[in-house]
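Please read the following report alongside the sequence and the coordinates. It moves from the confidence of the model to its folds, its contact surface and a few individual residues.

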Amino acid sequence: MTVVASNPPAASRREQRPARQDSPRLRRLLQYGLMIALIGVSAFFALMSPTFLTPANFGSILVNSFALPAIIAIAMTLAVGSGGIDLSVATAIDLASLAYVSAVAAGWAFPVAVLAGLAAAALTGIFNGLLITGLNITPFLATLGTLFIGRSVQQVLANGGNPVYLSPSKLSTAVKFLAHGSFLGIPLPLYVVGLIALAAFILLELTIFGRSVRAIGARPQVAYFSGLKVRRDIAWIYLLSALVSGSAGILLSSTVSAYIPYSGNAFLLNAIGAAFIGTTLGARGHANIPGTILGVLLLAIIANGLLLIGWNFYWQQVGTGVFIFLILTFSFASKRRQQG
Amino acid sequence: MNPTTAASTTQVRLAARGIVKSFGPTQALDGVDLEVRSGEILALMGANGAGKSTLVNILAGVLAPDQGTITLNGAAYLPRSPRNAVAAGIATVHQSTDRIGAAGLTTADALLLDRFASRQSPLFLSRRSVRRQAEAIIARAGISLPLDRDFGDLGPADRQLVAIARAISADASVLILDEPTASLSQTEAARLFDLLTELKVRGLAIIYISHRLSDLATLADQAVVLRGGQIVYDATRPIDFTAAVTAMIGRPLAHAHAIARNIAHEVVFRLRQARLGPDTAPIDLDLHAGEVVAITGPLGAGKSRLLKTIFGLHPFASGSMELDSRSYAPGGPAQAIAAGVVLAGEDRHRTSFLPADWPGGTIAGTISLPYLPRWFPHGWLRREVEDSAAEAGIRRLGIRASGPCATLDTLSGGNQQKVVLARWQAEPARLLLLDEPFQGVDVGARADIIAAIRDNRQSATLIATSDTEEALEIADRIFTLEHHRLRPWAGDNLLPAGPTGRSEVA
């Protein structure tokens with residue numbers, strides 16, 4: 001039995017509420033807050049359902065409920081990291097999908113069809129950029145407006161909002177490979193996610209563009225006073241966000257061999273959720289790609305796990321909401337304890 | 001006031017014993033004893049990083065001490081939060097008055113915020129009842145404030161008064177003021193001093209932190225100097241401030257004011273018939289290479305606006321600017337910086353620093369931010385380039401920090417200001433604009449900053465300060481700006497020969 005000789009009340013108080021800068025251990029632990037949440041949620045579902053931990057189930061999670069949401073969440077992270085938000089990711093997905101499917105249906109070569117899809121997505125990004133930097137409309141309202149306009153544009157272009165299906169004979173091998181192929185046993189869409197995530201990570205963390213954008217996101221006035229080209233960088237961010245979302249639209253259409261109107265909307269909330277979970281549960285305090293990826297994974301696992309343990313389909317979203325509350329409550333409680 | 005006042009003047013309000021606090025390996029406070037008696041003003045002095053802020057934060061309930069005890073009015077005092085501290089009777093008025101209220105609230109609302117936040121407040125409030133309560137609060141504090149004015153339009157002096165009035169209405173028995181006069185003009189400071197003297201008579205114990213010796217000489221009943229986390233000087237009236245400053249910086253301070261020197265004839269920057277507003281007087285000004293020019297004047301006289309206009313943040317109503325004999329009309333800060341005109345803004349946090357947990361929140365990131373395209377032409381960040389630039393700045397200006405990766409929130413005010421200066425001296429500039437560069441900067445760091453500014457012989461420096469003492473210490477020429485009119489303060493080319501009635505330090 002050893003007795004700690006130091007002043008016990010003071011020591012225990014210090015553990016309860018140390019200052020922000022003198023708790024590297026807790027900070028480091030918080031950095032893994034998302035990891036801990038992921039492991040906790042996975043352990044819960046593994047206990048509840050024997051099929052959860054099987055490789056087949058994880059493959060299904062990654063391909064069906066991770067790949068596309070992750071790409072769109074990366075687009076969202078770019079906007080959130082610059083201090084804004086992009087609600088029109090859904091528009092970029094749909095317009096890219098429509099242009100790509102129409103091009104394939106018209107018999108255009110695969111690369112040209114992809115370019116057509118990206119060009120359509122770029123239009124929404126350029127439009128957002130003009131609204132935000134030219135007319136000084138806040139990103140939330142500007143992209144919300146674009147989202148509304150995008151719905152009408154689809155209705156007009158797709159005969160009142162009808163789906164466009166691709167007959168299997170029209171599908172080139174490239175399209176099929178993109179959607180269903182695999183390389184070294186890993187499905188191709190996951191490579192696309194990996195490449196986009198890596199590119200976005202490098203852009204945000206290792207380039208001066210990323211540094212500028214984060215400065216704008218943190219304190220726009222400091223960025224402006226420091227001579228950064230705030231408007232130019234913001235315009236680029238919304239263009240990039242639209243292009244990344246557009247590539248998700250192309251991947252989606254390739255998978256389902258069709259353009260389905262308004263299908264982008266299904267991804268919007270998930271992307272916002274993942275970007276903000278990644279921001280909140282990390283110790284960094286700002287939107288970042290690794291956090292977002294883990295956030296998407298978390299949401300995908302929750303959706304999959306609830307399905308496996310036999311929750312009524314209609315109650316799925318309630319489950320997701322409750323899980324988000326639980327995780328964030330835990331995270332904030334530990335942060336509060338850390339900061340006192 | 002009443003018979004108890006005389007008795008209570010000797011009563012110890014707040015006593016701290018053996019306070020120890022460390023942040024990782026840094027020992028911020030190393031066994032500090034402090035006593036504040038009611039009816040006394042205690043001047044808390046100390047250089048950058050001496051531990052003043054840590055001590056104040058412990059008293060205000062922001063930080064918990066590692067060791068030591070505090071008693072308040074004889075009872076043990078262990079605040080668990082700032083709110084707890086206020087409830088116990090210790091009110092702190094911080095240097096930054098941003099958090100006291102917000103634009104959109106009236107002054108009356110801001111005065112009552114504590115009450116709104118408490119549970120005693122009714123759910124619905126009529127404008128009239130808010131006003132009545134607010135009037136009672138300022139009457140009790142013995143001040144006058146424009147109650148219906150939007151808080152966002154209040155100047156720093158009035159905001160400070162709001163904070164103090166709120167502290168008094170919360171029945172504070174100890175009032176802590178951190179650099180209260182940093183952004184006040186002399187008249188406003190005088191008004192504050194009257195109020196503090198009045199509060200003192202009423203029996204409050206006041207801890208007053210300031211880097212302005214003249215303020216301290218006017219107010220302090222007792223002076224305590226912190227250095228390296230320990231108390232190195234403690235004296236009651238009459239206080240020998242020369243000894244206090246020597247104890248504070250570890251050497252005697254030997255300067256009076258800027259030494260007159262020869263300035264090159266090369267004109268760097270020229271202002272011709274420039275008007276800040278359509279109806280204001282035109283301003284003409286020539287700045288020479290290596291010259292330091294200060295502009296003083298009361299708050300709101302247009303000093304900041306003049307600097308910001310030169311920096312391209314606003315256009316002049318009319319007139320023209322020349323930089324190195326060429327026409328200069330920046331469309332914004334980016335163009336100004338590219339031309340070599342740089343501004344260190346009045347509020348460091350709002351104009352120069354990024355939050356600690358964001359990329360670029362370090363010393364290295366702060367210094368490199370304006371030069372990203374210049375230093376990294378291929379677009380790839382290279383940490384070693386940033387870090388070596390930061391290390392050079394840290395060495396040159398004697399910045400006390402753990403290294404280039406230290407975040408700004410770990411630095412004291414003086415070191416933060418040195419980082420801002422290191423940023424704008426990292427690349428040769430033509431014209432350096434400094435708006436209130438000595439806010440929250442202690443005497444020791446101030447001397448370093450003055451030396452760094454005056455050593456710069458390539459560019460011209462234009463400084464806006466509401467403090468003529470500061471202007472005298474640093475400038476080759478001094479102007480005053482009043483009602484948007486620029487006048488020489490004391491001759492055009494030379495400083496006044498002798499000391500001009502200001503409190504000499506050495």
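## Confidence and conventions

What is the mean pLDDT of chain B, and what percentage of its residues reach 70 or more? The mean is 81, and 88% of the residues of chain B reach 70 or more, where pLDDT is the predictor's confidence in each residue, on a scale from 0 to 100. Over residues 1-9 of chain B the pLDDT is below 50, and this stretch has 9 contacts in the model beyond near neighbours in sequence; residues 491-506 of chain B also have a pLDDT below 50, with 26 such contacts. Two residues are in contact if their C-beta atoms, placed from the backbone, lie within 7 Å. For the complex, the predictor gives an ipTM of 0.76 and a pTM of 0.73.

This is a predicted model, in which local features need pLDDT of at least 70 and side-chain atom pairs count only at pLDDT 80 or more, while totals for chains, interfaces and linings use all residues. Residues are numbered from 1 along each chain as its sequence is written, and chains are lettered from A and ligands numbered from 1 in the order in which they are written.

## Organisation of chain B

Chain B has 19 helices and 20 strands, these being DSSP runs numbered from the N terminus (helices: H or I, at least four residues; strands: E, at least two). Of its 506 residues, 50% count as buried, a residue being buried if 20 or more other C-beta atoms lie within 10 Å of its own, exposed if 12 or fewer, and partly exposed in between, with C-beta atoms placed from the backbone. Among contacts in chain B between residues at least 6 apart in sequence, 71% join residues at least 24 apart.

The domain assignment of chain B gives domain 1 (12-89 + 172-254), domain 2 (105-171) and domain 3 (267-488); such bounds come from an automatic or database domain assignment. Taken over C-alpha atoms, the centres of domain 2 and domain 3 of chain B are separated by 36 Å.

## Two sheets in chain B

An open sheet of 4 strands in chain B runs in the order 12-11-14-15, with antiparallel pairing; two strands pair if DSSP finds at least two bridges between them. Strand 12 (283-288) and strand 15 (326-327) of chain B each have a single partner strand, so one side of each is left without a neighbour in the sheet. Strand 11 (residues 267-275) of chain B pairs with strand 12 of chain B in the antiparallel sense over 5 bridges, and B:Ala274 has B:Ile283 in strand 12 as its bridge partner.

A second open sheet of chain B has 6 strands in the order 16-17-18-13-19-20, with mixed pairing. Its edge strands are strand 16 (341-344) and strand 20 (485-488) of chain B, each of which pairs on one side only. Strand 16 of chain B and strand 17 (residues 431-435) of chain B pair in the parallel sense over 4 bridges; in strand 17, B:Leu433 is the bridge partner of B:Leu343, and B:Leu434 is that of B:Ala344. In a regular strand the side chains alternate between the two faces of the sheet. In strand 16 of chain B both faces are covered, with B:Val341 and B:Leu343 on one side and B:Val342 and B:Ala344 on the other, all of them buried.

## The contact between the chains

The contact takes 28 residues from chain A and 31 residues from chain B. On the side of chain A that touches chain B, helix 1 (8-16), helix 10 (208-218) and helix 11 (220-225) of chain A each supply at least two residues, and the largest share, 7 residues, comes from helix 10 of chain A.

The residues of this side of chain A divide into 10 nonpolar, 9 polar and 9 charged, where Ala, Val, Leu, Ile, Met, Phe, Trp, Tyr, Cys and Pro count as nonpolar, Asp, Glu, Lys and Arg as charged, and the others, Gly among them, as polar.

## Individual residues

A:Asn57 lies in helix 4 (residues 55-81) of chain A and is partly exposed, with 17 other C-beta atoms within 10 Å. Not counting residues up to four places away in sequence, A:Asn57 touches A:Thr51, A:Phe52 and A:Asn304; A:Asn304 is 247 residues away along the chain, with 8.6 Å between the two C-alpha atoms.

B:Glu436, in the loop between strand 17 and helix 18 (443-454) of chain B, has a positive phi of about 45° although it is not a glycine, and it counts as buried because 24 other C-beta atoms lie within 10 Å. A:Asn136 also has a positive phi, near 55°, but this residue counts as exposed, with 9 C-beta neighbours inside 10 Å. The peptide bond from B:Arg237 to B:Pro238 is cis, with omega near -5°, and B:Pro238 is placed in the loop between strand 10 (230-236) and helix 10 (241-249) of chain B.
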